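The sequence and structure follow.

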Amino acid sequence: MQTITVDFTSSSEKRSYPIHVGHGILQQADLIASCLPQKRVAIVSNTTVAPLYLDQLRAALEAKGVVSLPIILPDGEAHKNWETLNLIYDALLTNHCERKTAILALGGGVVGDLTGFAAATYLRGVPFIQIPTTLLAQVDSSVGGKTGINHPLGKNMIGAFYQPRLVLTDSATLNTLPDRELRAGIAEIIKYGLIRDPAFFEWLEQNMHRLLARDPMTLNEAIRRSCENKAEIVASDEQEKGVRALLNLGHTFGHAIENGMGYGVWLHGEAVAAGTILAAELSRRMKLIGEADVIRIRRIFLQAGLPVVAPAMPVEKYLQLMTLDKKVESGKTRFIVLNRIGEAVMRADVPADLLNDTILACMPHE
């Protein structure tokens with residue numbers, strides 16, 4: 001097991017929390033029990049993950065004297081909404097959960113985002129622990145305290161910044177993850193290499209086949225390096241006032257794809273992959289990177305079995321959905337583009353014709 005610390009030294013009150021990464025550490029309930037304010041927790045999971053890992057987690061906690069209340073949600077991005085959030089509140093209130101009752105999120109990004117938002121708002125804030133079981137959640141959404149739900153008009157538009165007490169990442173849970181979900185998680189891993197870690201990008205080019213084969217050592221290394229990258233960024237900019245926005249490479253386009261196609265039709269990582277190709281193509285048209293870099297970026301997504309062509313939607317629909325992006329400022333959509341592989345930057349000065357041409361170039365051609 002390796003431990004990465006997310007350390008908010010710059011904030012007025014010193015806060016930090018550990019991310020434990022290992023293979024088969026779900027049973028190590030002492031890691032969880034040591035940061036609980038009381039011997040009672042609620043565990044939020046979904047209909048897919050609960051049958052696989054809930055009993056194991058509950059038994060491990062029980063052995064440490066911790067009783068647990070299971071809350072099982074429907075599975076999928078389509079359920080990341082107020083109705084599902086209310087199911088959590090209903091269970092917490094019905095069972096008289098208190099301010100010291102920690103809420104554990106056992107599942108992927110949707111479960112983590114919903115649970116975190118419930119924890120941030122129930123009784124105005126209760127302790128919260130992330131136990132991510134998908135690759136995407138392990139390398140991205142479980143780290144950094146972004147919580148929230150989707151709105152019919154935009155993804156993740158309602159939420160809160162609320163940090164967990166602990167992230168427990170057991171890469172053994174990836175053994176049951178469908179291939180499509182594993183590939184979707186790799187999109188976010190590639191992102192770290194593109195925005196700030198060129199050596200990691202090269203490592204991924206050389207080790208992609210091992211990642212896809214689920215080699216435990218390779219998976220743990222990819223998770224660790226991704227979490228280290230994210231932890232550094234988040235610690236310096238918790239509420240996304242600056243550098244943290246760079247983590248959204250490919251996401252302005254990607255969220256438009258997810259929303260436009262209908263939540264859950266394209267997985268988040270698939271939409272981010274196509275969105276990153278759009279961002280790379282835009283960077284080339286802005287004369288920031290060359291054709292060779294775009295080819296290299298397209299190649300690594302193809303290696304990972306991810307989409308490199310954006311879905312066919314009217315350009316106007318893309319543009320309209322991108323105005324719902326959280327990086328919009330003074331009415332201007334701001335884009336994360338690449339100065340080179342390993343260095344991303346935010347730009348608001350993107351000419352409209354360049355944007356139109358980029359979207360058209362990345363859609364299927366007859």
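## Terms and basis

Contact denotes heavy atoms within 4.5 Å. Helices (H or I, at least four residues) and strands (E, at least two) are DSSP runs, numbered from the N terminus.

The model is predicted: local features need pLDDT of at least 70, side-chain atom pairs count only at pLDDT 80 or more, and totals for chains, interfaces and linings use all residues. Residue numbers start from 1 along each chain as its sequence is written, and side-chain values use heavy atoms, with hydrogens and water left out.

## The sheet

Seven strands build an open, mixed sheet in the order β1-β2-β9-β6-β5-β3-β4; two strands pair if DSSP finds at least two bridges between them. Because β1 (2-8) and β4 (67-73) stand at the edges with a single partner strand each, one side of each is left without a neighbour in the sheet. On average, neighbouring strands are turned by 20° against each other, direction ignored.

## Strand pairing

β1 and β2 are antiparallel and share seven bridges; I4 has I19 in β2 as its bridge partner. β2 and β9 run parallel, joined by four bridges, and V21 is bridged to T169 in β9.

Strand β3 (residues 40-46) pairs with strand β5 (residues 102-107) in the parallel sense, again over four bridges. Here V44 has A105 in β5 as its bridge partner.

## Helices across the sheet

Angles run from 0 to 180 degrees between N-to-C directions, and axes are lines fitted to C-alpha atoms, for helices over the stretch in contact. Helix α3 (residues 82-94) lies across β3, β4 and β5, at about 155° to β4. Helix α8 (residues 216-236) lies across β1, β2 (15-22) and β9 (166-170), and runs at about 10° to β1.
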